[in-house]
Amino acid sequence: MPPIFTIVICVVTALVTYRAFHDRALHERLIFDPRAILAEKQWYRMLSSALIHSDWAHCGFNLLSLYLFADTLEALFGGWIVLAIYVASILGGEFLALYLHR
């Protein structure tokens, strides 16, 4: 069975990254910004920042790495577990970054 959750995560990330490359205002709304998160309560940035990248090489490497690992995890544990691990990893990294850059 194809790794549906992994593919959806990769496609959504690639599409949002592409759109953000061509719309600077969108990029600025999605990027990790500790001041906006803490002072303006824009908590969505904790997840949205995972959907944008600095360039295509960065995006490609991240998506390839995700696909290679998540494909195997999805086959072993299922898509919902992969999605839970993915979101928990994003939030864990973002909360650490928020703590360090507050």
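Over the ring of which residue does the charged end of arginine 102 sit?

## Charge over a ring

The charged end of arginine 102 lies over the ring of tyrosine 99, 4.1 Å from the ring centre. The criterion is NZ of Lys or CZ of Arg within 6 Å of the ring centre and within 35 degrees of the ring normal.

## Basis of the model

This is a predicted model, in which local features need pLDDT of at least 70 and side-chain atom pairs count only at pLDDT 80 or more, while totals for chains, interfaces and linings use all residues. Residues are numbered from 1 along each chain as its sequence is written, and side-chain values use heavy atoms, with hydrogens and water left out.

## Aromatic pairs

There are three aromatic pairs, counted where ring centres of Phe, Tyr and Trp (its six-membered ring) lie within 6.5 Å; planes under 30 degrees apart are stacked, over 60 edge-to-face and the rest tilted. Phenylalanine 5 and tryptophan 80 form an edge-to-face pair, because their centres are 4.9 Å apart and their planes stand at 65 degrees. Phenylalanine 5 belongs to helix H1 and tryptophan 80 to helix H6 (residues 79-100), so the pair ties together parts 75 residues apart in sequence. Helices here are DSSP runs (H or I, at least four residues), numbered from the N terminus.

Phenylalanine 21 and tryptophan 56 also form an edge-to-face pair, with 4.9 Å centre to centre and 85 degrees between the planes. Phenylalanine 21 lies in helix H1 and tryptophan 56 in helix H5, so this pair ties together parts 35 residues apart in sequence. Tyr18, Phe21 and Trp56 form one aromatic cluster.

Note on methods. Helix = DSSP H or I, 4+ residues; strand = E, 2+ residues; numbered from the N terminus.
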